[in-house]
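Q: Please take a close look at one part of this model. I would like to follow it from a single residue out to the elements around it.

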Amino acid sequence: MKSYILGHSRLKLPIMAYEFGSAGPRVLLIGGVHGDESEGVVAAQALLGVFSQSTLPNLQITLIPMFNIDGVLACRRTNSAGVDLNRNLPTKDWSPEIATERYHPGPYANSEPENQALTGWLTTHAPRLIISLHSWKPLLNTNGDCLRVAEAIARHTGYPIQPSIGYPTPGCLGTYTGLERGIPTLTYEIERQLSPDKIVATHVPAIIEGLQVMATTSPA
Ligand SMILES: [Zn+2]
């Protein structure tokens, strides 16, 4: 395992990244984009524990458990500048319009240091799949071709698979990577307020099954 600082938050806190495996397709797992969605952080932290014990063969995994570290520590959706990091990415549909403070897109696209660190990492690492761990209603939102991964997770969880989340999300990661950069992106919405025990028992093995689809079907 290799760990490093991906970048720094608005509050200058380090955003940690962990890498596992040395061969096979690269996958990015990201938790805590929305700091008040602790379910995704629990899943990401649990995966950090699992991969620290044993890695999956034929897969290079990068795990960022607490991307919006300022928001996670303050239990708030946005970063410490009040920007929704999942509305601030430099997509073609990014808009400065503030629908509500909850979805604040920032003063300009990619204005936030967290997203600058992520977009920089993406250009140099070119992952083949991204799984972004959120919480809301049970849902697997696919952007780009990640249906087989989603199906493996759905078999384990019973979660529905949808190519759209049901409302506009300008500047979001699914659009930025999944639709505009050819990196299939699965936004994994864990049921809100699910206990850590159940997240570990159900969603961690589900994610591992999804990853195994990548490890067994993609050429290295
Ligand atoms: Zn979210």
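A: Start with a definition. A residue is buried if 20 or more other C-beta atoms lie within 10 Å of its own, exposed if 12 or fewer, and partly exposed in between. Keep in mind that this is a predicted model.

Now take histidine 156. Histidine 156 has 16 C-beta neighbours inside 10 Å, so it counts as partly exposed. Its place is in helix α4, which covers residues 147-157. Leaving aside residues up to four places away in sequence, histidine 156 touches Pro205, Ala206 and Glu209. Look at proline 205 in particular. In sequence, histidine 156 and proline 205 are 49 residues apart. In space, their C-alpha atoms are 8.0 Å apart.

Next, place the helix among its strands. Helix α4 belongs to a right-handed β-α-β unit, together with β6 and β7.

Strand β6 spans residues 139-143. Four of its five residues are buried, so β6 is largely enclosed by the rest of the structure.

Strand β6 also has pairing partners. With strand β7, residues 161-162, β6 runs parallel, and two bridges join them. With strand β8, residues 185-191, β6 pairs in the antiparallel sense over five bridges.

Leucine 140 shows both pairings. In β7, its bridge partner is isoleucine 161. In β8, leucine 140 stands opposite tyrosine 188.

How values were computed:
Residues numbered from 1 in each chain as written. Predicted model: local features only at pLDDT ≥ 70, side-chain atom pairs only at ≥ 80, totals over all residues. Contact = placed C-beta atoms within 7 Å. Pairing = 2+ DSSP bridges. Right-handed = clockwise from strand over helix to strand, strands pointing away.
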